[in-house]
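Dear colleague,

I am passing on the structure that we spoke about, and below it you will find notes on what was found. Please read them with the model open beside you.

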Amino acid sequence: MIILETGIRLGEEAFVERRFKEGVNILFSDDNNKGKTLIIQGMLYALGNQPIFPTGFNYREATFYTKCRFNEVTWTFLRKDSIIQVHGPNGINVFESISEYKRFFSENISPLPMISMDNERKLADPELFFQMFYLSQDKRNPSNLIGGSYYRKADFLEMVYALGNDTAPFDSKESIQELKDELISLKSELESVKRSIKFSKKHPDVASIALKGADKENFVIKRQELSKVHARISSLTKDRLREENRIAKLERLSNELLSLNRDLAEGKVICGDCGSKNIIYKVGEFLYDVSNSYVRAQILESIKNQIALKKEIIHEKSRDINDQQTILQRLIETTPRTLQQIMAFSQEISSLRNLDEKHISITSRINKINQTLVQLKQNENQGKQGNNLLEEEILSLMNFYYKKIDPDGIQKFTALFTKNDQTYSGSEEQEFYFSKLVALSDVLKHEYPIIIDSFRDGEISSGKENVMIEILLSKKKQSILTATLKQQEYADEKYSKFPSVNSINYSGHINSHILNDEDLKEFSSIYKIFGIS
Amino acid sequence: MTYKFKYTEKNVAKASEFETRALLFLITSSTKKDLIHYLFIDCFNDISGAGEKCEEIFDIQSKGLTSLTPGKVGKSLITLFENSLSGFNFSHFILFLQHVDPKYLQDPSLKVFSANNFGIQYKKVKEGLRNEYFRRHPDLKADEKTFDCFLSNVQFVVDNNTKPEYIKLLTSFKNINLKPDALFESIFKDIQIIQHAKKIIKVEDIEILNVQDALAFNKHLNIRDLQILIINRLIGIEIFNDNRVPMSFVNTVSSLEIDQRKDLILECNTNLSRALFDKNTKEDFWSFLESAILEVRENPENTPEQIYASLEDRNQVRTRYMKYPAGVYLISLIKDGLDK
């Protein structure tokens, strides 16, 4: 996936960034407060991220957009407060909640991983998912996630395992419980079958009289089918009745309005001066009529159309009801007489043969379940192993990158999150984060760009920085970084020595005021795509 | 200083369609359109616009004849001219014409122009005016400069819009361009009839001391009422047109099942159509409509429910047809139409 454009609009000002390219992009400036962080945060907020804007920026009033390309398909995301609109090849979709949005995203744009939350399997929210490839500037904490308290680091780990480990065992917790429940109910059913077998053996005459030539299985199926058809007929009849009621109301209304209309036309007053019959007021009386004959005619016409439409619906329902009644008739006709009688009593009387078969089938199902439970337990263990292997792979890469950047560094990463009491010095935290994001990208092979806001935080030296850039350049994917340069570096045109880096200069922006009125025009072209004027 | 109503239409005949066009031009396309609050019909001139404080009058004379010589053009300026000489503050003069033969104009493509555009015919225009003036007032004097000065202030306008175009310019409403022309023709007719009704009120020879006094004769229209009229008609043709839920009404029905929603919309449309057909309640309904439109305009961030509650508090919900939720439904239709 590559990010093509992003923009923000607040009031009558906007800023639009269209200079992103494939490969490494660096937004830089010679000073702080040039809008780099705002743009990056807005870029991800439009895609569904949690808002982590600085206080003072009225993000609820602002509109954000991001345009990206997933596998040859371009998607544009437009967000204002809690409403996200997505424009894609199928048109425009509007979402009022992150739940709806992420479901759409996962099904139509790019699949999101499932994790267990509150005893349910749910799609991971963007705010968790994005932390796989996006590091914000603020609220950093190597021992935990960034931002809200809904997600814990265990959820992040579960997500990483889900993405990287095919032998995902976490499904099995629910399945195991379900199977155990089924086992219990099967065992009790087995007991009741055994009792019935005993009864049948004691009273063979009763059993054979009852069901000559009819299977118990067919009996149950037929009964289910009949009740289904009955339910369908009843629902259709209800719908039809509702529409009939509505037609009755509309026809009454139409008559009422027609008679009111007639009264209007029957006025026998004429103007004393000009003889006109079109008297609509006397001096001093109120002037305007609340409708004219055109509007009234239109209303009556619309009501007629509504009635016609509803009559059509009723015809359709009647046809469907007839069809269902035919099915019902056929079902009843093909059922033997004795069965019809028995269905009225709905007693469970079985032939001995059937009971035996039932006994066999239940027992075999029980055995199968037991086998599955054993298998699942094995999977769980295997899955756990798989997770450990995955984590080891990621860590070894993290340490590899760390050593490349900081050959003299003394840290050794042993987990994706540090312990609560561990602190990193200056540049080490940045190196930790950088290595983690690149390692995750390598191992999970996700398609998203690596986005790091302020990637030189912690006084990363030029040498280290260059290594970081080289590493990113070697990856065949987009990355977006921001950096605030020292005066000297800025004057030396630091990034010009990396010709393949797309360096974007933000120094020209007014401090703390990146939005301007010229970019407003650019933003309107975005609105046009969404049919907003 | 008084003003005497003279030369009002003594022949009672149906108001010509052209005068209605002139009226609409004045309030939709003239340079003073945003200042106009009142429209006086056949008082000071065919149509005269005035602001809320009645401090200035914007005058328009309509001449719906297909061919006018420059001399006749000048002659038809007489009332405008006399008004400019009166003590009242007439600040804008428009002569609204159906057609001017291109051979009389320097630039025939212009639809709005000053007297200069008559080029060499300017003299004839002035002559026509002068002659008419002295014909009416043989005993008065007036020098050339007066005529020149007046003529330099006149705006000549050639009618260039269709009836639907004029009506659409009166108010902005969502999708107004998708409505059928027949609707706008019917609204034009409504205005024409009202204009005629105002016209036949006799004020000939009555004297007034200032412009505000003219309001007493009720020979005027409120621009706001015209806008309400149009919104009323636009909403009228939407009733029962389809079964959709208006955007701003969605919250009110969000807790209902689909079937209950259908029945609710049906009920709202039913009451709204009754309100439009029942003459007995028209004043209360108009009052509700007026208050609702005002509130939607002034408080665009309020929901229809909030606006309805506010109208209830102010006793604006007097007709039974606008009881909850039909009143909220109507407000939603208005809000959907007026919101940007």
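**Helix contacts in chain B**

In this predicted model, L80(B), F81(B), S84(B) and L85(B) of helix 3 of chain B meet T146(B), F147(B) and F150(B) of helix 5 of chain B, where contact means heavy atoms within 4.5 Å. The residues of this contact between helix 3 of chain B and helix 5 of chain B divide into 5 nonpolar, 2 polar and no charged; Ala, Val, Leu, Ile, Met, Phe, Trp, Tyr, Cys and Pro count as nonpolar, Asp, Glu, Lys and Arg as charged, and the others, Gly among them, as polar. Helices (H or I, at least four residues) and strands (E, at least two) are DSSP runs, numbered from the N terminus.

Helix 3 (residues 78-85) of chain B and helix 5 (residues 144-152) of chain B pack at an angle of about 105 degrees, and their axes are 11 Å apart. That angle makes helix 3 of chain B roughly perpendicular to helix 5 of chain B. Axes are lines fitted to C-alpha atoms, for helices over the stretch in contact, and angles run from 0 to 180 degrees between N-to-C directions; angles from 65 to 115 degrees count as roughly perpendicular, under 35 as roughly parallel, over 145 as roughly antiparallel and the rest as oblique.

For helix 10 (residues 258-277) of chain B and helix 13 (residues 326-338) of chain B, the packing angle is about 85 degrees, with the axes 9 Å apart. Helix 10 of chain B is therefore roughly perpendicular to helix 13 of chain B. I265(B), C268(B), N269(B), N271(B) and L272(B) of helix 10 of chain B make this contact with A326(B), Y329(B), L330(B) and L333(B) of helix 13 of chain B.

**One residue in detail**

T252(B) lies in helix 9 (residues 250-253) of chain B. Is T252(B) buried or exposed? T252(B) counts as buried because its relative accessibility is 16%, and buried means under 20% relative accessible area, exposed over 50% and partly exposed in between (1.4 Å probe, protein chains only). Leaving aside neighbours within four places in sequence, T252(B) is in contact with E305(B), Y324(B) and V328(B).

**Chain A as a whole**

Chain A has 14 helices and 13 strands, and 45% of its 533 residues count as buried.

**How to read the values**

Residues are numbered from 1 along each chain as its sequence is written, while chains are lettered from A and ligands numbered from 1 in the order in which they are written. Local features need pLDDT of at least 70, side-chain atom pairs count only at pLDDT 80 or more, totals for chains, interfaces and linings use all residues, and side-chain values use heavy atoms, with hydrogens and water left out.
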